[in-house]
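Dear colleague,

Please find the structure below, handed over for your use. My notes on what was found in it follow directly after.

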Amino acid sequence: MIFKETSKWLDIYFNGNIPNFTPKYKIENLTPFRSLVIDSMIKISYGEVTTYNKIAIEIAKKREIKKMSAQAVGGAVGWNPICIIIPCHRVISENNSLTGYGGSIKNKIKLLELESNDMKNFIIPIRGTKL
C-alpha cells in the first residue's frame, strides 16, 4: 500500500502536477528538533521556497526561545532521508542562494524548475555545495 501511494505521488509530481496528498512515511532516528524542521518543510507549498533562517525563527517561536541557529536547521534539512516528498529542495539561503542539497545543486534546480520557479530569482553557486 505505501509503495503504491508513494509511486502515485511521484507520478503526479514528476508529471508537473501538484499532489493533493502526502504519502505515509516512517522516519527512524527522528529527534524532536528534526521533527520540527520536517514539519516546517512539509508546509512549504509546491512552487514556493523558504529560507533556513525563516525555519529557525519559526522553531524558536515554537520552542519559546530567543534564537535558533539557521545552521542547525541546515543540518536537519540535510539529514532529511525522504527528499522530494519532504521538500528540502525548497529551502534556500537567506541571500537566495541554492545551497545545501544532498542530491546536488543540479537536481535542486531541476526540481525548482519543475515547480515553475523563476530561476532568475536565485543565485546558483559556481563551486562547492555538491554541484
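**Positive phi values**

With a relative accessibility of 65%, Asn-29 counts as exposed; exposed means over 50% relative accessible area, buried under 20% and partly exposed in between, with a 1.4 Å probe and protein chains only. The model is a predicted one, in which local features need pLDDT of at least 70 and side-chain atom pairs count only at pLDDT 80 or more, whereas totals for chains, interfaces and linings use all residues. Residues are numbered from 1 along each chain as its sequence is written, and side-chain values use heavy atoms, with hydrogens and water left out.

Asn-29 belongs to the loop between α1 and α2; helices (H or I, at least four residues) and strands (E, at least two) are DSSP runs, numbered from the N terminus. The phi of Asn-29 is positive, near 60 degrees, in a residue other than glycine. As background, most residues other than glycine have a negative phi. Ser-116 also has a positive phi, near 65 degrees. Ser-116 is found in the segment after α5 and, at 65% relative accessibility, counts as exposed. A further positive phi, near 55 degrees, belongs to Glu-64, which follows α3.

**Aromatic residues**

The search of the whole structure gave 3 aromatic pairs. Rings of Phe, Tyr and Trp (its six-membered ring) pair if their centres lie within 6.5 Å; planes under 30 degrees apart count as stacked, over 60 as edge-to-face and the rest as tilted. The pair of Trp-9 and Tyr-13 is stacked, because the ring centres are 5.3 Å apart and the planes stand at 10 degrees. Both residues lie in helix α1 (residues 2-14), and since they are 4 residues apart, about one helical turn separates them. Trp-9 is buried at a relative accessible area of 6%, and Tyr-13 is buried at 0%.

Tyr-13 also pairs with Tyr-46: the ring centres are 5.9 Å apart and the planes are at 75 degrees, so this pair is edge-to-face. The pair links distant parts of the chain, as Tyr-13 is in helix α1 and Tyr-46 is in the loop between α2 (32-42) and β1 (50-51), 33 residues apart. Tyr-46 is buried, as is Tyr-13. One aromatic cluster is formed by Trp-9, Tyr-13, Phe-14 and Tyr-46.

Helix α3 (residues 52-63) has 12 residues, which at 1.5 Å a residue should span 16 Å; the end C-alpha atoms are 16 Å apart, in agreement. The expected span is 1.5 Å times one less than the number of residues.

Which residues of α3 are buried? They are Tyr-52, Ile-55, Ala-56, Ile-59 and Ala-60. These residues cover an arc of only 140 degrees around the axis, and therefore lie on the same side of α3; the arc is that of the directions from the helix axis to the C-beta atoms. The buried residues of α3 pack against α2, β1, α4 (70-79), β2 (91-92) and α5 (105-114), where contact means heavy atoms within 4.5 Å.

**Helix packing**

Two packed helices are described by the angle between their axes and the distance between the axes. Axes are lines fitted to C-alpha atoms, for helices over the stretch in contact, and angles run from 0 to 180 degrees between N-to-C directions. Helices α3 and α4 pack at about 105 degrees, with their axes 8 Å apart, and are therefore roughly perpendicular to each other (65 to 115 degrees). Tyr-52, Asn-53, Ile-55, Ala-56 and Ile-59 of α3 make this contact with Ala-70, Val-73, Gly-74 and Val-77 of α4.

The angle between α2 and α4 is about 75 degrees, with axes 9 Å apart, so these helices too are roughly perpendicular to each other. Here Phe-33, Arg-34, Val-37, Ile-38 and Met-41 in α2 meet Ala-72, Val-73, Ala-76, Val-77 and Trp-79 in α4.

**Two further residues**

Ser-97 sits in the loop between β2 and α5 and is buried, with a relative accessible area of 7%. Leaving aside neighbours within four places in sequence, Ser-97 is in contact with Ile-92, Ile-123 and Pro-125. Asp-39, in helix α2, is partly exposed at a relative accessible area of 36%. The C-alpha atoms of Asp-39 and Asn-117 are separated by 22 Å, and the two residues are 78 residues apart along the chain.

Yours sincerely

Terms used: Angles under 35 degrees count as roughly parallel, over 145 as roughly antiparallel, 65 to 115 as roughly perpendicular and the rest as oblique.
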